[in-house]
Amino acid sequence: MIESLLVANRGEIARRVIRTARRLGIRAVAVHSEADADLPFVTEADEAVCVGPANPALSYRNVEAILDAARSTGAQAIHPGYGFLSENADFARTVEGAGLIWVGPGADAITAMGDKINARNLMAAAGVPVAPGTTEPAADLDAAVAAATEIGYPVMVKAAAGGGGMGMGVAADEAALRTEYDKVRAFAERMFGDGSVLIERYFPRVRHVEVQILGLADGRVVALGERECSVQRRNQKLVEESPSPAVSPELRERFLAAAVRAGEAVDYRNAGTVECLLDPSTQEFFFLEMNTRLQVEHPVTEYVYGVDLVEEQLRVASGLAPTFDPDALTPRGHAIELRINAEDPKRFLPGPGAITTWNEPSGAGVRVDSGYVAGNTVTPFYDSLLAKLIVSGATRQEAVERARAAVAQFEIVGPKCNLPFFAELLENPEFLSGDYDTGIVGRMR
């Protein structure tokens, strides 16, 4: 097993990885920006190194500073968390080139799945269903219009190098496409350094369902169930649950088999997620993208399958067998995750500030993965995620009831917070029925 680990991230995910590392007797090293010096993940690590100012490009994305921190602390491995450098193939190669262990999939798999068009084509060749769309970037606006005409409106305009719900627009007709194409292309060039754009079919009523996969050290790829991620704002997730209330046993079997094929197609190792769109009217699903890292919502899978996914990541990276029997994976109960963000609960606009009160809920089936405590300040430099509230129960109804109670108990004073939105959602008839889609937040607003 790895003996010392540098966590190249911040906030709740850094704290989460450090927690498992310390349980396993692994020395944990944190890196942090000047703005994050007082956050819990810094003090909970065995050692911490400041890698630069608040600007992520000069700290959490500063490859040389992170490698210098690993060398100076004697770290044996690097866990990238999510975001920042987690899906940067060049960083993965650099880490391994420096003689360190990369706790994630191989750089070739990251590269293969990082480009949305290449990923679509690979998945189609592997027999994974893909939505109608372009098989190469739309070279210009005329090519985009021609592709949309062939596919049929409405269409989704997507940055080929994008992810996390960023760099996407919907066009209902040619006039809208002309606007969205230029907008997405400019955004993609600015954010990802790659202006390539793809066009694919847009489904007005759709569910977002993903499958957790784990590529084992012996070469096998296993699937640990699905997660429902349809409660979203601006194409970014707010709530995840497992199992999905929309997935029947027969559909689940097809989902998991397709996800395993996706992982096998790129010789996948370590944790990853195959994201799909599900048309509830036809029960057809289509490959959306593959996230080559640990997901924000991984705790719901941990509850339902009784595994610690960070520990499994570390075991794969160490060349060890998993703690579970891959041939006897059995889900139990239901779990729901709520993303507690520093944003107003109506328009979801960021609202940073100093935290004067922070009281977390507790009790049976309640877990909080948080990045802050009272006295910390939420700055505008990073993602607005404050904490993840995860609840579990024997049934979905029990999980919802525990979520209601936990939201009522959770007290955060200082920055804006979206807890009131979750209190509203957990009484919403559409959500309670389980028959909802990605438009549910818009209908609530």
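Reader: How close do the axes of helix α7 and helix α8 come, and at what angle do they cross?

Author: In this predicted model, where local features need pLDDT of at least 70, side-chain atom pairs count only at pLDDT 80 or more and totals for chains, interfaces and linings use all residues, the axes of α7 (residues 141-151) and α8 (residues 174-192) come within 10 Å and cross at roughly 135 degrees. Axes are lines fitted to C-alpha atoms, for helices over the stretch in contact, with angles from 0 to 180 degrees between N-to-C directions. Residues are numbered from 1 along each chain as its sequence is written, and side-chain values use heavy atoms, leaving out hydrogens and water.

Reader: Which term describes how α7 and α8 lie to each other?

Author: They are therefore oblique (angles under 35 degrees count as roughly parallel, over 145 as roughly antiparallel, 65 to 115 as roughly perpendicular and the rest as oblique).

Reader: Which residues make that contact?

Author: L141, A144, V145 and A148 of α7 meet E174, L177, R178 and Y181 of α8, contact meaning heavy atoms within 4.5 Å.

Reader: In what sense does β6 pair with β8, and over how many bridges?

Author: Strand β6 (residues 155-159) pairs with β8 in the antiparallel sense over five bridges; strands pair if DSSP finds at least two bridges between them. V157 stands opposite I199 in β8.

Note on methods: Helices (H or I, at least four residues) and strands (E, at least two) are DSSP runs, numbered from the N terminus.
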